[in-house]
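User: I would like to go through this structure step by step. Could you guide me?

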Amino acid sequence: MADVLRKVSDVEIDPDGVFKYILVRVKVKDGTEHKDIVRGTKSAQYHNHIFEKVSPEMQSFGLDCSCLGGGKIEHNNKDKKLRVFGESTGYGKAEHSVTAEKLKSTFPDYEISWSDDKK
């Protein structure tokens, strides 16, 4: 099952703009192995819309998942900048420092910042 975890991409976000994101813990059913993933999209009106898409996908791989919180990402692909901020009303604030580290591994040539600012 650990192989399945490795196949789940750490980050899937929209290529540009400001949008909601969630930090999700994905784990092997009845196991202790897990990893945290970032998902974000402009198409989600609310943070739970992202989770409602991610959860069934992970379950189809035999994985459990839980939302650790949310916020927003500002993605400027022209200037290669990512900014993580804000919070989710329903899930609370994600640990933006964890999100930023995940983004750094996926976007190594970007300037990445995070803050607890609401906007």
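Predicted model: local features only at pLDDT ≥ 70, side-chain atom pairs only at ≥ 80, totals over all residues.

User: How do strand 2 and strand 3 run, parallel or antiparallel?

Analyst: Strand 2 and strand 3 run antiparallel and are joined by eight bridges. Strands here are DSSP runs of E with at least two residues, helices are runs of H or I with at least four, and both are numbered from the N terminus. Two strands pair if DSSP finds at least two bridges between them.

User: What lies between strand 2 and strand 3?

Analyst: The two strands form a hairpin with five residues between them, and D30 in the turn has a positive phi of about 55°.

User: And how does strand 1 run with strand 3, parallel or antiparallel?

Analyst: Strand 1 and strand 3 run parallel, with three bridges joining them. V11 stands opposite V38 in strand 3.

User: Why is strand 3 described as largely enclosed?

Analyst: Seven of the eight residues of strand 3 are buried, so the rest of the structure largely encloses this strand. Buried means under 20% relative accessible area, exposed means over 50%, and partly exposed lies in between, using a 1.4 Å probe and protein chains only. V38, in strand 3, counts as buried at 0% relative accessibility.

User: Which strands pair with strand 4?

Analyst: Strand 4 (residues 63–76) pairs with strand 2 in the antiparallel sense over twelve bridges. Strand 4 also pairs with strand 5 (residues 81–85), again antiparallel, over five bridges. In that pairing, K72 has F85 in strand 5 as its bridge partner.

User: New topic: which residue does UniProt list as "active site"?

Analyst: The UniProt annotation "active site", from an unreviewed entry, covers H47. UniProt positions are given in the numbering used here, feature names are shortened, and annotations may be inferred rather than shown by experiment. H47 is placed in helix 2 and counts as buried at 7% relative accessibility.

User: What does UniProt list for "binding site"?

Analyst: The unreviewed entry lists K20, which is found in strand 2 (residues 17–28).

User: How big is the largest pocket?

Analyst: The largest pocket has a volume of about 200 Å³. Of the 13 residues that line the largest pocket, R39, G40, T41, I50 and K53 are the closest to its centre. On a 1 Å grid over the protein atoms alone, a pocket is an open set of points with protein on both sides within 12 Å along at least five of seven lines, and lining residues have an atom within 4 Å of a point. Grid points are joined across faces, edges and corners, and a volume is the space filled by probe spheres set on the points.

User: Which element gives the largest share of the lining?

Analyst: Helix 2 gives the largest share, five residues.

Notes:
Residues numbered from 1 in each chain as written. Heavy atoms only, no water. 1 Å grid on protein atoms, 1.4 Å probe; cavity = no way out; pocket = protein on both sides within 12 Å on 5 of 7 lines; lining within 4 Å.
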